[in-house]
Amino acid sequence: MSHVTPLGMSISQGRWEHAAEILERLDPAAAAEAFITLPFEDQQGLFRKLPIPLAAALAGDLPYYQTYVLLHSRPQADVIAIVDAMNPDDRVQFFDQLPQETWQQLMDELAEGPEAASAEEAAKAIEAGAPVVAPPVHEEPIIEARAIEKSFQREGSGAIQVIAPTDLAIEPGVIVALLGASGSGKSTLLRMLAGLTPPSGGEVLWHKRPIRECRPNAAIVFQSFALFPWLTVLENVEAPLEAQAMKITDRHRRALRALSSVGLKGFESAYPKELSGGMKQRAGFARALAVEPEVLFMDEPFSALDVLTAESLRGELLELWLGKKIPTRSIFLVTHNIEEAVMLADRIIVLSRNPAKIRADFRVPLAHPREHNSPEFLLYVDYIYKLMTQPDRQPGLPSAAPAARMPYPPLPNIHSGTISGLLELLNDRGGKDDLYHIADDLQMGINNLLPLVESATMLSFARTDRGDLELTPTGKAFAEADISTRKRLFREASLANVPLLKHIYSVLTAKSDHRMPVEFFRDILQEHLSEAEAQQQIETALDWGRYANLFAYDSESERLSLHQAAPAEETESVTRA
Amino acid sequence: MSHSTETRSARLAPWSASRGGVASLLRDLPILASGLALFYGLVILSRYWASPVNSQPEIHLSPRALPGYALYSVARITAAYILSLIVTLIYAYVAAHNSRAERFMIPLLDTLQSIPVLSFLPSVMVSMVALFPGRQLGIELGSIVLIFTGQVWNMAFSVYSSMKSVPTDLLEASQAYGLSWWQKLVQLELPYSAIGLVWNSMMSVAGGWFFLMACEMFVLGNHDLRLPGLGSYLQTAANAGDTGAILWGLAAMVAVIILMDQLIWRPAIAWSQKFKFEQVEATDVPRSPILDLLRRSRVIARAERAFLMPARERLTLHFAAVHDRERPDSPRSSPLKWPGRVIAGAALAGVAYAVWRMVFALATLSHSDLLSILQGAGATFLRVEFSLLLAGLWTIPVGVYIGTRPRLAAVAQPIAQVTASIPATALFPIVLLLLIRAGGGLGIASIVLLLLGTQWYVLFNVIAGASALPTDLREVCDAFGLTKIERWRKFILPGIFPYLITGFITASGGAWNASIVAEYVHFRGETFSTTGLGAVISHATDAGQISVLLGATAVMAALVVTLNRLVWRRLYFLASTRFKLEA
């Protein structure tokens, strides 16, 4: 991706048709080669624009899982047309490679025929241009977000954009999962869609009316449950109904029905603190369901629960949803758990960070109930892992330049010791492993793993390769070294690869007294980051820099200073001792 | 479980639940009796308040008069507390919800909180008497307003900061589910503020006793403005040198304080535990037998069902309907917008006028007046700091000794609490009596008086700090064989530092307040005084020198506020960052 190809150029300029023409002019193998080197979000965007024959040719050359997911980012009529247009040999091979259930699913879709989706609407969706194309449109969307963005005003120095202008539509009848690493702004997006936070630009429409002017019939389930601890479970569930001025008898009936639907019958007079986490979240669900919302928003609803409880709650939610036992027409789920998204969602939207924008938006046409370890399930999980570990593309040409760019790539909030741990683990595994294996072994969600992986790759101790994490030679040397060598390697790596640390170090070297208040660097960072984020950057930089013996820090005077002794001698003396 | 079935059956047929009828009647008897007593007390009080002012109040020293005096004192405290509560809720709500008002309300609160209220005692009393000429009500209101100004600020600050720190997820939940401002107040903001409010109320009322005693003994020049109450009883007894009456008075004082603690504060604390913001149930929950009695009472349960619940229901539904009718895109920042604007405007105009007048009054100050004010300020400053030093010198070793021995602390704590609960101002006449008998002047006596008001805060905090010293660090000291001096320097003093500072801050505020009544005393028809700002204030009031009174009060307020900002706040910050023992 380092060299700029004509293909990449036209994509970054948003000239999809031109990009498609370039691909068409290449011979099929070269076209596939060029296509596969594109970032995922571009692959998806471009694939949607490709004429059927070219799409079919590419579909034959790509890995089967990628073909499958890309196919499902197009309207169903197109899926059928593309599969029909595939080279028969490729098609047989594609079908062969697909796991049994996935194949069956695809066969069912093909059998439904093209009349299931209107080709005209599909064509319109393609013309819309942006890389976001909604799944087949059957009904009017309930919520439509038009170019909503969010930025926070900073004192003095302009605004920081946390969410880039985003279009999004939520249709009835689907569970939509919004996936992203922590801090990617997915909760903010949810709050804008639910009308809790006004967007800084663009607008949110509920049934074609601006959300400010209507009272959206929505309910939210919170990660922290957000129950009032001084109210009983019943009073908690009744609170939103009281707010609707509902009479006491109706309120009681509705609340009791909601409670029994989530299995909390008999706990009406209990206080939240008497309940386990799972039970509390059930009460949270009951409160949300009692208002009979049209859209149910869920903000990481299972993240605070243990694995088994979360699993059973997810199952019960699906049962209510699939059995049409609740009048809710759409569910919008924010999560950082990839498996959870694949388990529940009919459509998955993946967000990138800084500022948040949609990287991918695709359907998950798997039948419920879904099995955790079934091949087609893993197909999606693997795909999303690859999507999320591939580095974000820098916005290429001036088309979308946000207010102010960070001078330094942000440091992931990870301790130096944790990085060593990861490298050792990877070394024990022979220097290379699947990311979701690692996540599994470390009992880490993508939320925690991604920043860790990011820090290892930032220091060039490891690199990601299509969902695998692999040690570099320095990384291997680090993993096998003793403590003083490690510090030396870490020092070299940070000076070479971490601009913030390099900057701090050069400022300290340049100053005659080799001292500097940490405030100075915090101020620079605060021009681009919020106070809390800048503080976090400083803390990580301090941790890394102290570990690397780059500088010393005195927390009382809040001053950084260069180490007195030359670092090389110092490490040697430590070794000798 | 049995509780809920009982209430349910009671709801179905209120009068037929005869089983256990006698027992439950007996249980409700104290509640009914206290209701009647309360009513009787109110009748007596209203008759007394409307009575014409008696310019030469006669205080009877017979112990039989004591219940009546106690009633008067408690009524003043109660009235002042209710006034404080109402103002607290309004002030805190407006400050927390209106960011424009917040910008001046909070700094104002901060300043008012640190101004020594007693410096206003003379002026408040005089103006209130002028407001209601010829009625007892005037002096009564004066004392109530004074107690109110002493206790409202920390309550308001507590409620304000609770309201500002309501967890985001709960706020979002109430926004997402469209709660009306009323429902949000009743179901979220008030419950979240409850615990802080109860604790601060307790502290405020304890402080209120301090001011009440001073008010009840107040004599202005040759106007005897004493109020019949425990304070004037104690003073009259000391004046007469009647040891028996002094003991009776003290006993009544302690009894009233213990009764209020048991009947009001314990139940209130136990009740407020319900509002603890916790996700897991705590093991050691404060309990109160009185609260259990109230909770089990059928009279109260029935009254709740008959009046409280329907009222709550109607209010909630009413405000929900109002909230629903409002256009959602025209959010009102606060339901008190217009009254708020009017009040803010009036307040601004009033402040501007007062400052204008004050500048005029101060301009008439002569050089000698200024000199005496500054001299007095210096003397009082030294006296206050010296009394703090004395307090520290004896309380630190004693407090650490008690605090590190849990068994001793269990015995000593309640005794110290009762002793400390007697307001220092109540003891002034007695101490004065003893010191004057012993032949010391007011110079020494005033320091003893200040010490009386300050030492307890420090002692309690030191005990608390010492008992919180972590065992593992103590064992480290043992393991490394630290000498006694090293141990104090490296472990004990840094360990109790945050507690010590908290104690000193409270004590310092108390000492400045006390200086006004300690430096200038009418006793046995004579006037004793010593050099000091408090004496200047009291003397100016007696002599009717309005400009000196204003100037001295302003200097004292400015001095205390500056000290708080420059010294105590910094020390407190240091204590809460560097010397905090984290788990």
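Mentor: Contact means heavy atoms within 4.5 Å, and with that cut-off in hand we can read this predicted model one residue at a time.

Trainee: Which residues is T395(B) in contact with, leaving aside its neighbours within four places in sequence?

Mentor: On that reading, T395(B) touches V400(B), Q455(B), V458(B), L459(B) and V462(B), while T395(B) itself sits in helix α14 of chain B, which spans residues 367-403.

Trainee: Is T395(B) buried or exposed?

Mentor: Buried means under 20% relative accessible area, and since T395(B) has a relative accessible area of 0%, T395(B) is buried. Its side chain also reaches the backbone oxygen of A391(B), at 2.5 Å.

Trainee: How should I read the pairing of helix α9 and helix α16 of chain B, and at what angle do their axes cross?

Mentor: Angles under 35 degrees count as roughly parallel. Here the axes of α9 (residues 230-240) and α16 (residues 424-438), both of chain B, come within 8 Å and cross at roughly 5 degrees, and α9(B) and α16(B) are therefore roughly parallel to each other.

Trainee: Which residues make that contact?

Mentor: From α9(B) come L234(B), Q235(B) and A238(B), and from α16(B) come A426(B), P429(B), I430(B) and L433(B); sorted by class, the contact of α9(B) with α16(B) has 6 nonpolar residues, 1 polar residue and no charged residues.

Trainee: How many helices and strands does chain B have, and what share of its residues is buried?

Mentor: Chain B has 21 helices and 4 strands, and buried residues account for 45% of its 583 residues.

How values were computed
Residues are numbered from 1 along each chain as its sequence is written. Chains are lettered from A and ligands numbered from 1 in the order in which they are written. This is a predicted model: local features need pLDDT of at least 70, side-chain atom pairs count only at pLDDT 80 or more; totals for chains, interfaces and linings use all residues. Side-chain values use heavy atoms; hydrogens and water are left out. Axes are lines fitted to C-alpha atoms, for helices over the stretch in contact, and angles run from 0 to 180 degrees between N-to-C directions. Helices (H or I, at least four residues) and strands (E, at least two) are DSSP runs, numbered from the N terminus. Angles under 35 degrees count as roughly parallel, over 145 as roughly antiparallel, 65 to 115 as roughly perpendicular and the rest as oblique. Ala, Val, Leu, Ile, Met, Phe, Trp, Tyr, Cys and Pro count as nonpolar, Asp, Glu, Lys and Arg as charged, and the others, Gly among them, as polar. Buried means under 20% relative accessible area, exposed over 50%, partly exposed in between (1.4 Å probe, protein chains only). A polar contact is a pair of N or O atoms within 3.5 Å; within protein, one must be able to donate a hydrogen and the other to accept it, and residues adjacent in sequence count only if both atoms are side-chain atoms.
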